Amino acid sequence: MIKKIYHLLPKNIQKKIKEQRYEQISKNRLKSFEHLNQKSLLSVALKEAHFLDKDMKGLYKKPLFTPHKKVLIKILNKIKDNKLKEDPSYLWAKKTSEIYTQWLEHKKPLTERKEKNIYDKSKITEIIKNRRSIRIWKNKQIPTKNIIELIESAKWAPSSCNRQTIEYHIYTKKEDRDFLGKLTPGGYHFLSNAPTIIAVIVNTSIYGETEERQPFLDAGAAIQNLLLKAEEINLAACWLGWHKGLDKKFQERYKIQKHMKVASIVGIGYQNENPRTPARKSTNNITKFY
Ligand SMILES: Cc1cc2nc3c(=O)[nH]c(=O)nc-3n(C[C@H](O)[C@H](O)[C@H](O)COP(=O)(O)O)c2cc1C
């Protein structure tokens with residue numbers, strides 16, 4: 001009813017209705033975030049900032065995400081953990097709320113990056129094609145700095161609404177490798193020989209009901225980045241699937257909350273086999289043009 005007569009109402013009443021609607025939207029959103037821990041709040045803040053960032057591109061006829069600004073500011077205020085407050089992603093979200101306010105006032109598209117960087121793109125196809133799953137490793141540990149490099153690449157993968165809810169848990173001790181080797185079905189007999197095992201874990205607590213695929217897709221993109229980086233720096237990795245039914249055992253052993261779910265496991269070390277290249281289907285057979 002109100003929708004039908006809205007445009008007939010005087011401007012000041014329209015403004016009031018709009019403000020009340022925004023207030024209600026922000027209240028409802030904030031309520032749904034009440035139970036979240038600090039790390040999850042940062043991911044939610046990133047999502048809100050992402051909406052504002054999209055708005056500023058001028059993709060929509062009118063600003064679409066104005067109520068999110070208030071939510072973003074309130075969430076940022078709820079983040080008290082100093083380590084998180086110094087995180088570049090927190091600072092990015094904070095800056096986004098500031099420039100969005102300016103943008104609303106001036107309606108000028110604001111972009112920080114004017115030109116695309118020029119860099120050497122020649123190697124990516126070679127790396128993509130030459131990467132192999134390696135399941136036999138040398139008995140030699142890889143340096144921590146290499147593990148950090150892998151995660152540095154993984155974290156640049158796209159993630160749904162830039163929420164970045166993935167964590168990387170690293171295991172190098174024999175008892176952990178044995179535990180994970182036995183637990184991970186597709187790694188039976190060989191995963192425990194990987195000098196380093198990474199569990200790629202997603203925080204499932206901040207995705208809506210229709211979004212159950214997103215955290216695991218985010219993890220998939222991150223894992224692929226990690227594997228390609230491993231190939232680039234001469235490390236050898238194997239991606240291992242995980243089953244829902246294994247979550248409990250894993251969470252109990254490592255005292256991890258229920259919403260933190262393993263997406264997949266990756267075993268990494270130095271290559272000690274030269275596998276055949278498993279063929280790929282012909283492009284013709286997997287492509288349909290409409
Ligand atoms: C989601 C996913 C789960 C996988 N799970 C396993 C696994 O449990 N055990 C295993 O040996 N390999 C696993 N792999 C690796 C695939 O078997 C491998 O990528 C495929 O055979 C192609 O070989 P390539 O990676 O050498 O090109 C998995 C790969 C993906 C993407």
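**Figure 1. Strands S1 and S2 pair in the antiparallel sense.** Six bridges hold this pairing. Tyr 171 has Ile 197 in S2 as its bridge partner. Strands, like helices, are DSSP runs numbered from the N terminus, with at least two residues (E) for a strand and at least four (H or I) for a helix. Two strands count as paired if DSSP finds at least two bridges between them. The model shown is predicted: local features need pLDDT of at least 70 and side-chain atom pairs count only at pLDDT 80 or more, while totals for chains, interfaces and linings use all residues. Residues are numbered from 1 along each chain as its sequence is written.

**Figure 2. Four strands form an open antiparallel sheet.** The order of the strands is S1-S2-S4-S3. S1 (166-171) and S3 stand at the edges with a single partner strand each, so one side of each has no neighbour in the sheet. On average, neighbouring strands are turned by 25° against each other, direction ignored; the axes are lines fitted to C-alpha atoms, for helices over the stretch in contact, and angles between N-to-C directions run from 0 to 180 degrees. In a regular strand the side chains alternate between the two faces of the sheet.

**Figure 3. S4 pairs with both S2 and S3.** S2 and S4 run antiparallel and are joined by eight bridges. Val 202 has Lys 261 in S4 as its bridge partner. Five bridges join S3 to S4, also antiparallel, and Trp 239 has Val 266 in S4 as its bridge partner. Ten of the ten residues of S4 are buried, so S4 is largely enclosed by the rest of the structure. A residue is buried if 20 or more other C-beta atoms lie within 10 Å of its own, exposed if 12 or fewer do, and partly exposed in between, with C-beta atoms placed from the backbone.

**Figure 4. The largest nonpolar core has 35 residues.** Such a core is a set of buried Ala, Val, Leu, Ile, Met, Phe, Trp, Tyr and Cys residues joined through C-beta atoms within 7 Å. Val 200, Ala 237, Val 266 and Ile 268 have the most contacts inside this core. At least two core residues come from each of helix H8 (144-154), strand S2 (196-203), helix H10 (214-232), strand S3 (236-240) and strand S4 (260-269). Another core, of 18 residues, lies apart from it and includes Leu 41, Met 56, Tyr 90 and Tyr 207.

**Figure 5. Ile 268 is in contact with residues beyond its sequence neighbours.** Leaving aside neighbours within four places in sequence, the contacts of Ile 268 include Ile 142, Ala 194, Thr 196, Ile 198 and Ala 230. Leu 235, Ala 236 and Ala 237 are also in contact with Ile 268. Contact here means C-beta atoms, placed from the backbone, within 7 Å.

**Figure 6. Residues from S3 contribute to the shell around the ligand.** The shell includes Arg 132, Ser 133, Arg 135, Cys 238, Trp 239, Leu 240 and Pro 278, where a residue is near the ligand if its C-beta atom, placed from the backbone, lies within 6 Å. S3 gives the most to this shell, with three residues.

**Figure 7. Glu 98 is exposed.** Glu 98 has its place in helix H6 (residues 88-106) and has 11 other C-beta atoms within 10 Å. Glu 98 and Lys 69 are 29 residues apart in sequence and 9.1 Å apart in space, C-alpha to C-alpha.

Methods. Contact = placed C-beta atoms within 7 Å.
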